[in-house]
Amino acid sequence: MTRTGMATAFAVALALGGIAPAQGQQNIEKLKQFKVSGTDLNIPPVPQTGKNADAIRENLKRVKLPPGFKIDLYAIVPDARHMAVAPSTNMLFVGTRKTTVWAVTDRNSDYVADEVKAFAPSLKFQVPNGVCWTKDGFLIVVEHNRILNFPAAEFFYEGPDVAVIEVVPQGQLIPPEEESFNHGARACRVGADKMLYVALGQPFNVPPREKLELFKKVGIGGIIRLNPFDGSKREVYATGVRNSVGLDFNPKDGSLWFTDNQTDGMGDDIPAGEVNRATKPGQFFGYPWKQGRTRITENGYDKDPLPANITDPQVYTDAHAADLGMTFYTGKQFPAKYQGGFFTAQHGSWNRTKPIGARVMFTSLKADGTADKTEIFADGWLDENGIYRGRPVDVAVLHDGSLLISDDFAGAIYRVSYPQ
Amino acid sequence: MWLRFPAAAALFGAAAVSCAAFMAPDAAAQDVAAGRRKAVACQACHGLDGIAKQPDAPNLAAQPASYLERELRAYRAGTRRSEVMAVAVKALSDVDLRDLAAYYSAIQIEVKAVPQ
């Protein structure tokens with residue numbers, strides 16, 4: 001990162017006010033001024049060996065991969081959700097839907113994590129699911145209703161107090177009265193335009209009509225973009241999305257791809273899930289009038305004329321499979337067919353009669369940058385009795401070109417490699 | 001079907017004993033077994049062991065069956081609101097609700113520590 005970048009960021013951080021009764025907010029005010037919060041310097045590590053690790057390794061024997069690939073346990077990380085691999089060291093940050101962001105470190109570079117500790121424990125996170133990096137090494141953490149930015153996080157995280165910038169203060173990402181447990185986990189990416197892109201799920205299975213105008217204005221049920229340091233220049237980038245919890249830019253053409261979760265309650269086999277491609281601001285992806293190939297019946301949206309300007313999905317996925325995190329494969333370790341395509345994680349259905357999902361998919365692209373074929377890459381966390389042994393949430397490429405898979409059910413991160 | 005799960009079979013036995021006073025043991029065990037099969041649609045959030053697997057879902061293990069059945073009915077009637085539960089109970093019959101309540105209430109738990 002540049003020194004001026006950091007200086008600007010801190011000036012911005014200091015200029016921002018903060019109202020704050022809670023201890024967490026008092027701490028953030030101290031950390032914004034580089035003062036210590038008084039938090040215990042010793043952050044307890046998560047045990048990486050023992051009965052739990054052994055049981056998870058045993059479950060991994062069920063996972064099927066294409067020939068030549070292997071999967072190993074990379075780290076025990078409770079409630080592991082979205083991942084942000086550090087730009088210049090062998091560590092990553094992992095979000096959760098609870099109150100912790102984990103710092104996961106591979107100290108001896110053997111591609112197994114040695115240390116898993118809470119990141120910035122003096123701050124009280126609320127559903128810090130979304131983690132991503134700016135191009136110059138600032139870690140962004142998107143909570144349910146706040147966005148924080150941590151300069152040089154991969155160097156400062158060893159102690160409990162870290163430098164922090166409040167990008168969007170508590171209660172200003174969405175109107176506080178729209179806060180909801182349902183679909184409240186965010187995902188983020190920083191684009192080539194240096195803007196922060198955040199997917200905001202809408203909190204209903206199908207939104208009621210009286211909420212549509214507000215949601216469209218705020219970007220709920222869509223993707224917003226904003227300056228990752230001061231939250232300025234916020235605008236709604238994409239609309240017509242139900243609940244996206246995964247997005248990534250294709251480094252080749254800059255298009256923004258994102259997954260969307262399937263509507264519940266319409267039976268086992270509809271509607272299909274979506275992987276979409278946004279090529280410019282202002283595109284509309286059809287929800288709640290249409291998802292996959294299905295008109296949505298709840299609240300009578302199927303009785304309305306179909307809006308004319310819908311951008312259709314690139315990939316139709318299995319109904320209820322719950323496509324979440326995604327990443328373009330930017331590594332060199334995997335065979336040529338995987339290079340330039342993308343991986344998506346399917347969390348798995350929750351109340352489908354016969355459960356489906358809990359696997360990682362791969363999609364290749366055509367020369368024109370649109371989706372070609374989608375196939376199963378890793379499968380086997382759903383056992384023969386329909387019971388989950390794990391539920392993949394996110395995928396991320398490590399520096400050596402291997403692929404990490406997070407699992408919030410088992411509380412683990414796996415690593416898929418292609419040994420020569 | 002439930003014979004494939006030895007641990008669960010032991011569980012059904014325990015439930016059958018505790019219900020023996022007011023219900024034929026076989027009938028009670030049957031409810032629990034049926035509930036276990038139906039709980040595949042609940043496991044993603046509440047766990048097959050009744051310990052929540054998602055932060056926005058409560059533990060159900062060892063909750064009284066009467067409470068669970070009453071709340072499930074309330075979700076179905078719309079008098080207790082939840083986006084997720086509204087979908088989950090929509091197609092469930094009275095028998096389904098009773099079986100699920102019987103299953104989750106039959107799970108035995110132990111409190112290990114209470115903060116002083």
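Which residue stands opposite A:F328 in strand 22 of chain A? The residue opposite A:F328 is A:F342. A strand here is a DSSP run of E with at least two residues, a helix is a run of H or I with at least four, and both are numbered from the N terminus.

**The model**

This is a predicted model, in which local features need pLDDT of at least 70, side-chain atom pairs count only at pLDDT 80 or more, and totals for chains, interfaces and linings use all residues. Residues are numbered from 1 along each chain as its sequence is written, while chains are lettered from A and ligands numbered from 1 in the order in which they are written.

The score pLDDT is the predictor's confidence in each residue, from 0 to 100. For chain A the mean pLDDT is 93, and 95% of the residues reach 70 or more. Residues 1-21 of chain A have a pLDDT below 50. Beyond near neighbours in sequence, that stretch has 29 contacts in the model. Two residues are in contact if their C-beta atoms, placed from the backbone, lie within 7 Å.

Chain B has a mean pLDDT of 82, with 78% of its residues at 70 or more. Its residues 1-22 have a pLDDT below 50, and this stretch has 24 contacts in the model beyond near neighbours in sequence. Where pLDDT is low, the predicted coordinates should not be read in detail. For the complex, the predictor gives an ipTM of 0.78 and a pTM of 0.89.

**Two sheets in chain A**

Two strands pair if DSSP finds at least two bridges between them. One open sheet of chain A has 4 strands in the order 21-22-23-24, with antiparallel pairing. Its edge strands are strand 21 (323-328) and strand 24 (371-379), and each pairs on one side only. From one strand to the next, the twist averages 25°. Angles run from 0 to 180 degrees between N-to-C directions, and axes are lines fitted to C-alpha atoms, for helices over the stretch in contact. Strand 21 pairs with strand 22 (residues 342-346) of chain A over 4 bridges, in the antiparallel sense.

Another open sheet of chain A has 4 strands in the order 6-7-8-9, and the pairing is antiparallel. Strand 6 (130-133) and strand 9 (165-168) of chain A each have a single partner strand, so one side of each is left without a neighbour in the sheet. Strand 8 (residues 147-151) of chain A runs antiparallel to strand 9 of chain A, and 3 bridges join them. A:N149 has A:I165 in strand 9 of chain A as its bridge partner.

**Backbone exceptions**

Most residues other than glycine have a negative phi, and most peptide bonds are trans.

| Residues | Feature | Angle | Loop in chain A |
|---|---|---|---|
| A:I270 and A:P271 | cis peptide bond | omega about -10° | A:P271: between strand 15 (256-260) and strand 16 (273-278) |
| A:Y287 and A:P288 | cis peptide bond | omega about 5° | A:P288: between strand 17 (283-284) and strand 18 (290-291) |
| A:K233 | positive phi, not a glycine | phi about 55° | A:K233: between strand 12 (222-226) and strand 13 (235-239) |

**A helix pair in chain B**

Helix 4 (residues 65-77) and helix 6 (residues 94-106) of chain B pack at an angle of about 140°, with their axes 8 Å apart. That makes helix 4 of chain B oblique to helix 6 of chain B. Angles under 35 degrees count as roughly parallel, over 145 as roughly antiparallel, 65 to 115 as roughly perpendicular and the rest as oblique. Helix 4 of chain B contributes B:A65, B:L68, B:E69, B:L72 and B:R73 to the contact. Among the residues of helix 6 of chain B in this contact are B:L97, B:L100 and B:Y104.

**Where the chains meet**

In the contact between the chains, 17 residues of chain A touch 14 residues of chain B.
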